[in-house]
Amino acid sequence: MSATTTAPAAPAAADSAPRVRYVLRLADASLVLAQRLGELIGHAPALEEDLGLANIALDLMGQARLLLAYAGELEGQGRDADTLAFLRDEHEFANPTLVEQPNGDFAHTIVRQFLFDAWQHELYTGLQSSSDARIAAIAAKALKETRYHLTYSGGWLVRLGDGTEESHSRMQLALDALWPYTSELFDADEPDRDMIAAGVAPPMQPLAAAWSARIDAVLRDATLARPPTASYRWYGKQGRHSEHLGYLLAEMQHLPRTYPGLRW
Amino acid sequence: MEHEAERPDGWALYEIFIRARSGLDHKHVGSVHATDARMALEHARDVYTRRQEGISIWVVRSIDILASDPAEADALFEPARDKVYRHPTFYDIPDEVKTL
């Protein structure tokens, strides 16, 4: 699209740009993890876990739909939730790098889920009192789901961490592998700071402290060692992703991109 | 049929009972595998209440249920067959009683 044919952005839309970015970050975190969990349908270690993981994926998909729809409205360019999910490219996705990491073995799936659930639980607890009423309402609804997810993933973390020698070592390996992606969750950049200043997002420091305290408590029960803080930083929420997201999107977006406008 | 005993991998079979609405009884709906009762409760929630089927769940290890032997059905249940007088069908019900 050339500059001459593009309608000038309305002032309201320009003002809402940081908010659009922030809502997309929340939406993409849920959407990408939902897609990852969806890959396990028919492949989980037991029928019961198959349904359990699919239920979580559906909860996350529901959150993503609400958030993407809101982002589209804020943006004011006529993009709906489907357009945002299926027709954005990799660098436009604003999810934290953690959620795009592959399922790996069950240990990786569970550790990734637990680190995410603990983060989402604290974040959405804070977002319930967001100055943005729409975000506050979505957070309040999602929090009921997140509480269950956290029970589920925390239960498995302890069971496998404090399980057999084999399960313990696999869980520690998964934790060591995924831990470096957690610092991004609490590194506030400009869009984060804008939203915190506007009272839309909760302040980062108490969030990080609450997350950290919960992680420590559960890791203790799971007899797993907290890895040291990594010096390398990831920037998925700024659109700079690991090599895994492109493949995930290729699969997720294949159908709507190949058959534009296709309906069931 | 033999109950599935605890398996070498630590998983066991649990029977699931769900109360659909308050005031109703818990009803048997099926079974799940789990390593402990807590997990069985979560599995039951994930497998059997996805479509708002319930408001309360009970789980019981299958191995803890003693079932009657179908081979003894004659001895257990036949004797009741010719005792229809045990049904309260020989009373005149007053018109004022709408449901009984």
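1. First, a convention: angles under 35 degrees count as roughly parallel, over 145 as roughly antiparallel, 65 to 115 as roughly perpendicular and the rest as oblique. Axes are lines fitted to C-alpha atoms, for helices over the stretch in contact, with angles running from 0 to 180 degrees between N-to-C directions. Helices (H or I, at least four residues) and strands (E, at least two) are DSSP runs, numbered from the N terminus.

2. Bear in mind that this is a predicted model, where local features need pLDDT of at least 70, side-chain atom pairs count only at pLDDT 80 or more, and totals for chains, interfaces and linings use all residues. Residues are numbered from 1 along each chain as its sequence is written, while chains are lettered from A and ligands numbered from 1 in the order in which they are written.

3. In chain A, the axes of helix H2 (residues 17–38) and helix H9 (residues 190–197) come within 9 Å and cross at roughly 105°, so H2(A) and H9(A) are roughly perpendicular to each other.

4. Now H7(A), residues 165–178. Buried there (20 or more other C-beta atoms within 10 Å of a residue's own, C-beta atoms being placed from the backbone; exposed means 12 or fewer, partly exposed in between) are A:Arg170, A:Met171, A:Ala174, A:Leu175 and A:Leu178. They cover an arc (of directions from the helix axis to the C-beta atoms) of only 135°, which puts them on the same side of H7(A). On the other side, A:Glu165, A:Glu166 and A:Ser169 are exposed.

5. What do the buried residues of H7(A) pack against? Helix H5 (106–127) and helix H6 (133–161) of chain A, with contact meaning C-beta atoms within 7 Å, placed from the backbone.

Definitions and conventions:
Expected span 1.5 Å × (residues − 1). Contact = placed C-beta atoms within 7 Å.
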